[in-house]
Amino acid sequence: MVGATAAMMRLRTPRWKDPRLIVGIVLVVASVLMGAVLVSRLSETTSVLIARSAIVPGDTISAEDLVAVELRLGEQTDRYLGSVDAIPEGSVALRTIHPGELVPMSAVGQSEEVQLRPVVIPVDASVAESVVPGATVELWHTAPTTEDGTEMRARMLVPDAVVRSVDEGSTLGMQKMSVEVLVPSDSLGEVLEVLSQDQQLDVIGIPGAHGLAP
């Protein structure tokens, strides 16, 4: 009889005032609400700006360069520009923003933050046709043969120059092409010295890099 009474006590329906029951209900409700909020936030679309064409370092960022689209960014909303109004006045690109790329906040700043300088380099037609604005290229210098016949090896001056523009104009009926590239300010002196001596400076596209012409 005692055993039966003990079993009935164990199977007795818990009272609503039982603290353990209340805590359990609160935890279940909280987890359901948190899950619903998370799913809702992940399914929400957010307005974000995408580059229409390549924007190179130092270029002013304007509404004409951008298009707004609705995307699901989840927790990454704060990493990208959501509207043109959010762009501070006078903002420029701090790095290349490629066509179709979301515009990250980290790529937008002021002109004094850009540590690149423009240099115009004469090139062959094949080079001019193989790169487009925004392409990352290498600059190689090949020194001329010395008076004693010693041949100098080519050396890379700049490993990560950025193509700013390609000029395919003509002069006196002869086609003359050039590429304007952006080089780090600490490499500018060496690049200008090579150009001033009319020595060969090659613009080499990097396979797999953005901005190479197909």
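**View 1. The lining of the largest pocket divides into eight nonpolar, two polar and three charged residues.** This is a predicted model, and the pocket shown here has a volume of about 230 Å³. In total, 13 residues line the pocket. Look for Pro122, Val123, Gln200, Leu201 and Asp202, which lie nearest its centre. Two elements give two or more residues to this lining, namely β5 (116–123) and β11 (200–205). Which of them gives the most? That is β11, with five residues.

**View 2. Aspartate 59 and arginine 164 meet in a salt bridge through their side chains.** The N to O distance for this pair is 4.0 Å. Aspartate 59 sits in the loop between β1 (46–51) and β2 (66–71), while arginine 164 belongs to strand β7 (residues 155–167), so the bridge ties together parts of the chain that are 105 residues apart in sequence. How accessible are the two partners? Aspartate 59 is partly exposed, at 23% relative accessibility. Arginine 164 is partly exposed too, with a relative accessible area of 31%.

View 3. Seen together with the previous view, the salt bridges share partners and join Asp59, Arg164 and Glu180 into one network.

**View 4. Glutamate 101 and arginine 95 are joined by a salt bridge between their side chains.** The N to O distance in this pair is 2.7 Å. Arginine 95 is partly exposed, with a relative accessible area of 33%.

**View 5. Serine 187 lies in the loop between β10 and α4 (188–196).** Is this residue buried or exposed? Serine 187 counts as buried, because its relative accessibility of 15% falls under the 20% cut-off. Leaving aside residues up to four places away in sequence, serine 187 touches Leu157 and Val158.

**View 6. Aspartate 198 has a positive phi although it is not a glycine.** If you like to check backbone angles, the value to look for is about 55°. Most residues other than glycine have a negative phi. Where does aspartate 198 sit? Its place is in the loop between α4 and β11. At 72% relative accessibility, aspartate 198 counts as exposed.

**View 7. Stepping back, the chain as a whole has four helices and 11 strands.** The chain contains 214 residues, and 27% of them are buried. Among contacts with a separation of 6 or more, 64% are between residues 24 or more positions apart. The accessible surface comes to about 14,000 Å², and carbon and sulfur atoms account for 57% of that area.

Conventions: Residues numbered from 1 in each chain as written. Predicted model: local features only at pLDDT ≥ 70, side-chain atom pairs only at ≥ 80, totals over all residues. Heavy atoms only, no water. Buried < 20%, exposed > 50% of the residue type's maximum accessible area, 1.4 Å probe, protein only. Contact = heavy atoms within 4.5 Å. Areas by Shrake-Rupley, 256 points an atom, 1.4 Å probe, with all protein chains shown as cover. 1 Å grid on protein atoms, 1.4 Å probe; cavity = no way out; pocket = protein on both sides within 12 Å on 5 of 7 lines; lining within 4 Å. Points joined across faces, edges and corners; volume = space filled by probe spheres on them. Nonpolar A, V, L, I, M, F, W, Y, C, P; charged D, E, K, R; others polar.
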